[in-house]
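Let's take a walk through this structure together. Have a look at it first, and then we'll go through some of its details.

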Amino acid sequence: MDAQRPHSGPAAAEADQLAGEFERKAGTFSIIGVYSPEASTFPIGKAMNKNLTIRMGNCNHRKYIPRLVPCPPGRGRVPETPGQGPRCNKCCKFCFPSKGSVSSSTAAGHPGHNPGMTRPSRHLLAGERRPRLLHAAIVLACAWLQAACGGGGGGSGGGAPVFAPVTVAAPAASAPVAPVTPVSTPAAQSGSFTIESKAVFGVSYTMQVYVPPSYASDAAAYPVIYALDGDAEFNGRTSRYENFRAILERREAKAILVAIGGTGRRQTDYNFPGASDYHDFLVGELIPAVESRYRTDKTRRILTGLSTSGNIALGALFLEAPGKLAFTHFVSIEGAFWQQPADLQKLEQSMAEALAGGALPVTVMLGSCITGCNEPHVEGMYRRLASRQYQGLELIRTQYPGGHAQTDLPAFEDTVSRFLKSAR
């Protein structure tokens with residue numbers, strides 16, 4: 001287990017090695033997950049000698065882990081529909097018999113297994129047949145990714161410079177907030193629209209918009225929350241948009257929510273160099289599109305991101321200051337600053353030099369879990385900014401209970417209570 005990344009271990013490297021050993025020649029090897037600095041050991045020689053095709057992509061581990069892990073003791077397996085393989089009784093959906101017929105000894109080891117089942121299972125993610133050992137390797141890799149996905153725990157990556165300790169006044173820990181199904185309300189003009197970006201050439205982004213009921217009954221200008229990763233399912237099977245909308249409805253907050261889709265491009269759009277073009281899209285295309293459709297308060301534009309999207313949620317400030325401030329509130333929760341420490345530090349240094357002691361009239365909120373996750377890197381960034389003593393900057397440091405992704409909902413509750421008014 002890595003000393004700097006306590007939640008990870010050698011499982012990913014072992015999975016790579018096993019796959020290289022047991023994959024047939026000219027086969028396809030699929031890697032699912034999120035890259036981290038530690039995930040650098042790969043049997044490239046074996047893969048090349050076997051002419052393997054390697055396919056990679058982000059892992060929706062919350063969806064697939066329950067289908068990959070074995071059933072717990074006492075849970076039998078029952079047949080599913082013909083040709084789909086057995087499943088666990090009130091447990092995971094699939095199990096993975098070995099290629100070919102299932103022997104009587106295998107069936108005996110899995111109560112309720114259909115001895116007539118002869119069709120081999122298919123790999124759930126890649127859609128190809130896999131040996132049992134490769135399935136075990138992928139289970140190990142996904143188990144590791146469940147702890148590491150999205151940057152929880154950090155990585156060596158350099159980190160932000162450590163300055164003299166600054167007292168952090170963390171708010172009292174609040175109870176974890178469970179995902180809530182949005183309440184149906186007559187929210188006039190809520191809906192969605194799509195922008196084919198010119199800044200990010202050839203990419204279209206779909207926005208989901210929530211407008212509170214109070215919008216139709218007054219003439220006030222409303223603040224806008226721009227939520228990155230709007231279509232991501234970080235907590236349960238509901239999207240960030242649905243969870244945030246539920247919180248706004250329950251609190252009767254007078255704010256417009258714009259949830260930005262395109263989570264599948266998060267490593268490209270939220271980190272540099274792609275983040276520069278993506279920021280141009282946010283400022284030059286998205287904000288004008290929203291403000292042409294709704295009555296908005298231009299003095300309260302809130303940008304919020306979690307983990308990797310937390311990088312651009314803060315990096316946007318470094319790109320805009322001092323003379324091109326588009327957003328007024330930058331809310332970065334569990335920012336994965338370890339992914340590109342040098343880029344963020346360089347941008348922040350350039351901002352400091354450009355300001356030259358001038359005013360920075362914005363609010364920055366940096367949140368993290370209480371311990372572990374990305375907390376050391378968020379704390380390092382907080383101390384870096386605090387040491388600058390930027391004039392006019394409201395710098396807020398918060399901590400929340402729960403794991404890496406679980407901080408998102410209590411952090412948004414906190415954001416709403418701090419920065420928005422209620423219609424009550």
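Are Y278 and F281 buried or exposed? Y278 is buried, and F281 is buried too; here buried means under 20% relative accessible area, exposed means over 50%, and partly exposed is in between, using a 1.4 Å probe and protein chains only.

Before going on, a word on what you're looking at. This is a predicted model, where local features need pLDDT of at least 70 and side-chain atom pairs count only at pLDDT 80 or more, while totals for chains, interfaces and linings use all residues. Residues are numbered from 1 along each chain as its sequence is written, and side-chain values use heavy atoms, leaving out hydrogens and water.

**Rings**

Rings of Phe, Tyr and Trp (its six-membered ring) pair if their centres lie within 6.5 Å; planes under 30 degrees apart count as stacked, over 60 as edge-to-face and the rest as tilted. By this rule there are nine aromatic pairs. One of them joins Y215 and Y222 edge-to-face, at 5.3 Å centre to centre and with 65 degrees between the planes. Y215 counts as buried because its relative accessibility is 5%, and Y222 is buried with a relative accessible area of 1%.

Back to Y278 and F281: they form a tilted pair, 5.7 Å centre to centre and 45 degrees between the planes. These two are separated by about one helical turn because they sit three residues apart in helix α8. Helices (H or I, at least four residues) and strands (E, at least two) are DSSP runs, numbered from the N terminus. An α-helix has 3.6 residues a turn, so residues three or four places apart point the same way. Ring pairs also link Y278 and F281 with Y205 and Y270 into a cluster.

Two arginines sit over rings, too. A charge counts as over a ring if NZ of Lys or CZ of Arg is within 6 Å of the ring centre and within 35 degrees of the ring normal. R293 has its charged end over the ring of F193, 4.0 Å from the centre, and R295 lies over the face of Y215, at 4.0 Å from the ring centre.

**Salt bridges**

A salt bridge is a side-chain nitrogen of Lys or Arg within 4 Å of a carboxyl oxygen of Asp or Glu. The count comes to 16 salt bridges, including these:

| Salt bridge | N to O distance |
|---|---|
| R295 and D218 | 3.4 Å |
| R266 and D229 | 2.8 Å |
| R383 and E379 | 2.9 Å |

R295 and D218 meet in a salt bridge that links distant parts of the chain, 77 residues apart: R295 is in the loop between α8 and β9, and D218 is in the loop between β6 and β7. R295 is partly exposed at 28% relative accessible area, and D218 is partly exposed at 25%.

R383 and E379 lie in helix α11, four residues apart, about one turn of the helix. E379 counts as buried because its relative accessibility is 12%. Salt bridges that share partners join E375, E379, R383 and R397 into one network.

**Helix α6**

Helix α6 covers residues 240-251; its 12 residues reach 17 Å from the first C-alpha to the last, close to the 16 Å expected (1.5 Å times one less than the number of residues). How many residues of α6 are buried? Nine of the 12 are, leaving α6 mostly covered. Among them are Y241, F244, I247 and L248. The buried residues of α6 pack against β6, β7, β8, β9 and α12, where contact means heavy atoms within 4.5 Å. After α6 comes E252, with a positive phi near 55 degrees.

The peptide bond from F272 to P273 is cis, with omega near 15 degrees, and P273 is in the loop between α7 and α8. The bond from A321 to P322 is cis as well, with omega near 5 degrees; P322 is in the loop between α9 and β10.

S307 is not a glycine, yet its phi is positive at about 60 degrees. S307 lies in the loop between β9 and α9 and counts as buried at 2% relative accessibility. E334, also not a glycine, has a positive phi of about 55 degrees. E334 is found in the loop between β10 and α10, and counts as buried at 0% relative accessibility.
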